[in-house]
Amino acid sequence: MALLLVISAALSYLNYRLFRLPLTVGLLVGAAVGILILISLDTLVPGLGLKSEIKSVVGSIDLPTALLNGFLAFLLFAGALQVNSADMFARKWTILALATLATVLSTGLIAASLLAISWLFGLAISLPWCLVFGALISPTDPVSVLDVLKRVGIPRHLQATIAGESLFNDGVGVVLFTLMLSLATSHQLQEFGASRVATLFLLEAVGGGLLGLALGYVAFLLMRQVDDYNVELIFSLALASGTYSLAGVLGVSGPIAVVVAGILIGNHAMGRAMSERTRQHLTTFWHLLEGLLNAMLFVTIGLEIAAIDVDVKNIVALVAMVPMVLATRWLSVTVSALPLNLRLPHRYASLLILTWGGLRGGLSVAMALSLPDGPSKDAILTITYGVVVFSIVVQGLTLEPFARYVLPRPSKI
């Protein structure tokens, strides 16, 4: 934690003084460039042993555990607090279609693409592991670019769609990843028929939503009886971490449970159970916590580049997969959302923004790192890193001009 905080602080300062990139992009690029410089120096000067030392330090940062069992609960809760439930409810069917159908479609289409590229370049990645990759790379994280989209002037309904999809498809993606990983590592594949997978998926997703609703409502009732922002801050922290942990014990989706609880607190408890002073403190605290966790997360992603063993075949497959992931994102979004928005103006422009704004983030990297050792892991990890870095750096930096280009005037979608 000390190492991550110090590096985050140093890179934040350099980015602010020199580059003025969006903070998450600046941290990721800064950490990655610094690691690459050190590795290059180690190659040029034999005997330094810098790469092995860097890998040893990075190996001490257990990103899968830190994110999946720590950061994720608080990041999702912080994002959910900012969502306007009225706007999101008005777009409920589109958000539901994007978070479920689009994620499932994306998983299958990306798996098929990787299988073809694996066969073409001789990577020997089997279909079950292609499905694992499809599941871990499909969840998007566009909430971090909402500030950019607001500056562009896109409508609130499109903002709500982007935020709602990103929050809920994280939960759906984790459920799919868990199921696909079980399929890939099982020696009895016949146990994983379509009906069983669908049943497990519904149980985890619906169960997580019900758990989040129940615990969020209990926290809301408790907050109504208290007028002390310190106590209510503790309530919110306990709700985020406790809901996520209990969901894991019960075998339901922790991300979905936390998102539902966060939306309930952000839209009902803040308005009906808190004083203005408490609302200000709660909002400031969660905004700070979200920024701090995001900073450490993106620095960690940059540092993890040192752990990748470079292989030419994997790099070539990465280059081929980047446009395939984008094309799959557009196709899955269009199939899922277009039928529900046929009468709305600028629908095609909005679909393009949803496609280009569908950034991949730390969740994909953490799931890739959590894979068991095997012949496919290095290839999957390399491709995952490449797709995530491309989406954050290229798509993230060009999203504002892209949105201005495709949406030159306000839209009603």
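**Spaces, core and backbone**

Reply: Let's start with a cavity: helix H17 gives the largest share of the lining of the second largest cavity, four residues. Keep in mind that this is a predicted model.

Me: How do you find such a space in the first place?

Reply: Rolling a probe the size of a water molecule over the atoms shows where empty space is left. Here, that turns up three cavities of 30 Å³ or more. The second largest cavity holds about 60 Å³ of space.

Me: Which residues line the second largest cavity?

Reply: They are Val 322, Val 325, Leu 326, Arg 360, Val 387, Phe 390, Ser 391 and Gln 395. Helices H14 (312-337) and H17 (377-406) each supply at least two residues of that lining. By class, the lining splits into five nonpolar, two polar and one charged.

Me: What about the second largest pocket, what volume does it have?

Reply: Its volume is about 810 Å³. There are 24 residues lining this pocket, and the closest to its centre are Met 88, Leu 96, Phe 168, Val 260 and Ile 263.

Me: Which helices supply at least two residues each of the lining of the second largest pocket?

Reply: Look at H5 (85-90), H6 (92-121), H9 (156-185), H10 (194-224) and H12 (254-272). H10 brings the largest share, seven residues. The pocket's lining has 18 nonpolar residues, along with five polar and one charged.

Me: Now the core. How many residues does the largest nonpolar core have?

Reply: That core has 108 residues, and Leu 67, Phe 133, Leu 136 and Ile 265 have the most contacts inside it.

Me: What does Leu 136 touch, leaving out residues up to four places away in sequence?

Reply: Leu 136 touches Phe 177, Ser 364, Met 367, Ala 368, Leu 371, Ile 380 and Thr 384.

Me: And the backbone angles, what should I look for?

Reply: Most residues other than glycine have a negative phi, and most peptide bonds are trans. You'll find Arg 20 in the loop between H1 (2-19) and H2 (23-44). Ala 124 also has a positive phi, near 60°, and sits in the loop between H6 and H7 (127-137).

Me: Is Ala 124 buried or exposed?

Reply: Ala 124 is exposed, with a relative accessible area of 68%. Arg 20 is exposed too, at 57%.

Methods
Residues are numbered from 1 along each chain as its sequence is written. This is a predicted model: local features need pLDDT of at least 70, side-chain atom pairs count only at pLDDT 80 or more; totals for chains, interfaces and linings use all residues. Side-chain values use heavy atoms; hydrogens and water are left out. On a 1 Å grid over the protein atoms alone, a cavity is a set of points where a 1.4 Å probe fits but cannot get out, and a pocket is an open set with protein on both sides within 12 Å along at least five of seven lines; lining residues have an atom within 4 Å of a point. Grid points are joined across faces, edges and corners, and a volume is the space filled by probe spheres set on the points. Ala, Val, Leu, Ile, Met, Phe, Trp, Tyr, Cys and Pro count as nonpolar, Asp, Glu, Lys and Arg as charged, and the others, Gly among them, as polar. A nonpolar core is a set of buried Ala, Val, Leu, Ile, Met, Phe, Trp, Tyr and Cys residues joined through side-chain atoms within 4.5 Å. Buried means under 20% relative accessible area, exposed over 50%, partly exposed in between (1.4 Å probe, protein chains only). Contact means heavy atoms within 4.5 Å.
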